[in-house]
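Subject: Structure for you to look over

Dear colleague,

I am passing on a structure that I would like you to look over, and below it I have set out what was found. Please read the notes with the coordinates open beside them.

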Amino acid sequence: MATDDRASRRELEEGIERDFSQRMSYGDYLRLDVLLSAQQPLSDPPLHDELLFIIQHQTSELWLKLLVHELRSARSLLRSDDLAPALKRLARIKHIQHTLADQWNVLATLTPSEYAEIRPYLATSSGFQSAQYREVEFLLGNKDADMVAVFEHDPVVQAELATLLHEPSLYDEFIAFLHRRGYPVPGELLDRDWTRPHRLNDALVEVFAHVYEKPAEHWGVYEACEELVDVEDNFQLWRFRHLQVVTRTIGHKPGTGGSSGVDFLRRALDLTFFPELYAVRARIGS
């Protein structure tokens, strides 16, 4: 009996484009020729797991690029008192952060023995040297002038980081937004040395305590506070997943970039971007 294979395949519709000799294709728009040629293992012959390591970090850099884009936009919107679209940016930022954290699950499939084969080819390269990661930290407020010196080999990147170092962070702009809305923000937080990380300010905790006591009366600000807490929680989750993957992969060996490795990463968990938004929780209901 003859069989009809039409039920097991999908016919191309008449209007579907087939000729891209003069038209833009999917690959053209996304520059896939460039993107998919950027994975160049250094091992020879190529080790099977080196491609995983490269793609993991390249895709992380792409998501970091988008994260920087959205953080800059959120900061700008707060500066112009556009809270609603700023909150939309923060919502997207949180989804990007979830994707970045989930990617560690893929790298965690790399066993210590498999990574040991790859590690010599990394030489002195390290994720610690990610300029975009530093941009994210600076935008969120973890300022560190010493980090700018790490990028002396790339003057363009170094100049960009130096600019961010001297600009208000996202949190600084949120605090300034509160001031313009009439909240009693301490004056010393409105004109300070932006190259320094923000430190806990008890008077600002009082401002947030007032917001949290009557959230319905301060809903936009209240929502922004909780969005910022989500962003910090997600960032800490990313840090923790990084720590755990490194621990299971190399234990307490030094990092390829010269750091102490696990111990260095663990200290980052003590850093906070928005200390008042956590301190105020001890005031709620007491």
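The structure holds 13 aromatic pairs, where rings of Phe, Tyr and Trp (for Trp, its six-membered ring) count as a pair if their centres lie within 6.5 Å, with planes under 30 degrees apart taken as stacked, over 60 as edge-to-face and the rest as tilted. For F174 and F208 the ring centres are 6.3 Å apart and the planes stand at 10 degrees, so this pair is stacked. The pair joins distant parts of the chain, with F174 in helix α9 (residues 170–180) and F208 in helix α10 (residues 202–213), 34 residues apart; helices here are DSSP runs of H or I with at least four residues, numbered from the N terminus. F174 counts as buried because its relative accessibility is 1%, and F208 does so at 0%, where buried means under 20% relative accessible area, exposed over 50% and partly exposed in between, with a 1.4 Å probe and protein chains only. There is also one aromatic cluster, formed by W104, Y133, Y171, F235, W238, F273 and F274.

Before going further, please bear in mind that this is a predicted model, in which local features need pLDDT of at least 70 and side-chain atom pairs count only at pLDDT 80 or more, while totals for chains, interfaces and linings use all residues. Residues are numbered from 1 along each chain as its sequence is written, and side-chain values use heavy atoms, with hydrogens and water left out.

On a 1 Å grid over the protein atoms alone, a cavity is a set of points where a 1.4 Å probe fits but cannot get out, a pocket is an open set with protein on both sides within 12 Å along at least five of seven lines, and lining residues have an atom within 4 Å of a point. Grid points are joined across faces, edges and corners, and a volume is the space filled by probe spheres set on the points.

The largest pocket contains about 1,400 Å³ of space, and of its 50 lining residues H57, S126, G127, F128 and H242 are the closest to its centre. Helix α3 (50–79) is among the elements that each supply at least two lining residues, and α3 gives the most, with nine. By class, this lining has 23 nonpolar, 19 polar and eight charged residues, with Ala, Val, Leu, Ile, Met, Phe, Trp, Tyr, Cys and Pro counted as nonpolar, Asp, Glu, Lys and Arg as charged, and the others, Gly among them, as polar.

The second largest pocket holds about 240 Å³, and N142, K143, P197, R199 and L271 lie nearest its centre among 16 lining residues.

One cavity of 30 Å³ or more was counted, and the largest cavity has a volume of about 70 Å³. Its lining consists of L64, L67, Q97, L100, Y133, V136, N234, F235 and W238, of which seven are nonpolar, two polar and none charged. Helix α11 provides the largest share of that lining, three residues.

Finally, F264 sits in helix α12 (residues 262–268) and is partly exposed, with a relative accessible area of 33%. Leaving aside residues up to four places away in sequence, F264 touches F128 and S259, contact meaning heavy atoms within 4.5 Å.

With best wishes
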